[in-house]
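Subject: Structure handover

Dear colleague,

I am passing this structure on to you, and I would be glad if you read the notes below with the model open beside them.

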Amino acid sequence: MRTPPPADAQAAALQALAARLGPAHLRHRLALESADETQVLRKGPLLQFLEHRVARPALLHALLRLVGLRERARRNTLRIELREHDVALQRLPPAFEGVRLLHLSDLHLDVGGGFMAALVERVRGVAHDLCVITGDFRFRTHGPWQPAMEALASLRPHLAPDTFAVLGNHDSIRMLPSIEALGVRVLMNEAACVGRGGQALWIAGIDDPHYFRAHALHKAADAIPDGACALLLSHAPEPYLEAAHCGFDLMLCGHTHGGQLCLPGGIPVMTCSSAPRALARGPWRHGAMRGYTSVGCGSSLLDVRLNCRPEVTVHRLVRRDVGSARC
Ligand SMILES: [Fe+2]
């Protein structure tokens with residue numbers, strides 16, 4: 001296991017982040033990383049009860065064992081599906097026709113129990129041109145993050161050279177230098193331009209909008225030229241309205257785990273998101289903006305899934321006129 005970087009190296013890394021992101025963004029993030037989640041999210045009594053009493057790992061494990069579903073639910077976390085999805089984008093530059101985007105979300109890499117072997121096996125050999133990761137590298141929302149980085153290092157050789165990511169509500173901002181040292185560009189309210197055949201596709205990413213609420217869509221979008229085709233990476237679907245108004249063509253996100261523990265038919269009990277349920281999994285659209293919410297590769301809180309298999313997704317970008325609709 002990797003040892004944490006020495007204190008002076010960590011201090012220098014944080015100083016560099018303050019210069020890059022702005023000192024207030026860094027202070028906001030670091031303060032919330034040590035705050036009480038229920039206070040920050042101002043959840044009502046019912047949601048607090050469901051998430052912090054009913055959803056306690058030991059209680060859920062006991063309930064699943066009682067109804068004879070625990071082992072099946074654990075095995076499901078290793079049965080990662082490959083989903084293929086065509087995305088029609090009106091403004092897609094011709095040079096990007098057919099480009100394949102591998103989308104990973106909610107990896108929770110340090111969960112253990114054979115998950116990393118299953119994920120590497122699933123991703124190995126999946127043909128793709130670009131890779132995007134929509135957050136949640138770590139299993140827990142607190143504690144050591146080095147094991148997740150160790151796991152990411154073993155996954156990295158199977159991902160495209162051009163790999164972009166955003167941080168999720170399980171991720172510390174202290175992880176960012178380690179992720180980028182592996183050649184994964186983390187977009188923190190920033191945008192990057194990918195070139196192909198002399199044409200450009202823009203990929204913007206925002207910091208976690210669910211728990212940290214450190215997202216700044218305008219900051220991410222302002223660098224993108226008017227009329228350019230632009231994708232947005234967001235950990236959670238919550239800021240879909242603002243993203244559509246900013247003019248993004250496609251929003252890719254995760255966070256909901258599709259419910260993770262679902263009723264038959266894949267109906268989520270909880271989505272842990274204030275976005276409409278139509279945005280809890282799979283493809284959706286709002287106005288001219290397309291969206292896709294991944295149910296995630298991993299699992300959080302505890303390593304079980306029911307009626308909601310984990311996924312890795314390949315989005316194939318195609319040029320086509322899209323209509324206008326609200327979700
Ligand atoms: Fe997650």
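**What was found**

In the loop that joins β3 (130–134) to α8 (146–155) sits Pro-144, where helices (H or I, at least four residues) and strands (E, at least two) are DSSP runs, numbered from the N terminus. Please keep in mind that this is a predicted model, in which local features need pLDDT of at least 70 and side-chain atom pairs count only at pLDDT 80 or more, while totals for chains, interfaces and linings use all residues. Residues are numbered from 1 along each chain as its sequence is written, and side-chain values use heavy atoms, with hydrogens and water left out.

Pro-144 counts as exposed because its relative accessibility is 58%; buried means under 20% relative accessible area, exposed over 50%, and partly exposed in between, with a 1.4 Å probe and protein chains only. The C-alpha atom of Pro-144 is separated by 9.9 Å from that of Met-175, and the two residues are 31 residues apart along the chain.

The loop between β3 and α8 also holds Asp-136, which is buried, with a relative accessible area of 1%, and which has a positive phi of about 70° although it is not a glycine. Asp-106, placed in the loop between β2 (100–104) and α7 (115–123), likewise has a positive phi, near 50°, and is buried at a relative accessible area of 0%. As background, most residues other than glycine have a negative phi.

Which residues coordinate the iron ion? They are Asp-106 (OD), His-108 (NE2), Asp-136 (OD) and His-257 (NE2), at 2.1 to 2.3 Å, where donors are N, O and S atoms within 2.8 Å of the metal (3.2 Å for Na, K and Ca), and sites may look incomplete since water is not among the atoms. Along the chain, these donors follow the spacing D-x1-H-x27-D-x120-H. His-108, like Asp-106, is buried. The four donor atoms subtend angles of 89 to 173° around the iron ion, so the arrangement is irregular; four donors count as tetrahedral if all angles lie between 85 and 135 degrees, four count as square planar and six as octahedral if opposite donors are over 155 degrees apart and all others between 65 and 115, and anything else is irregular.

Turning to the whole chain, the protein has 11 helices and 14 strands, and 54% of its 327 residues count as buried.
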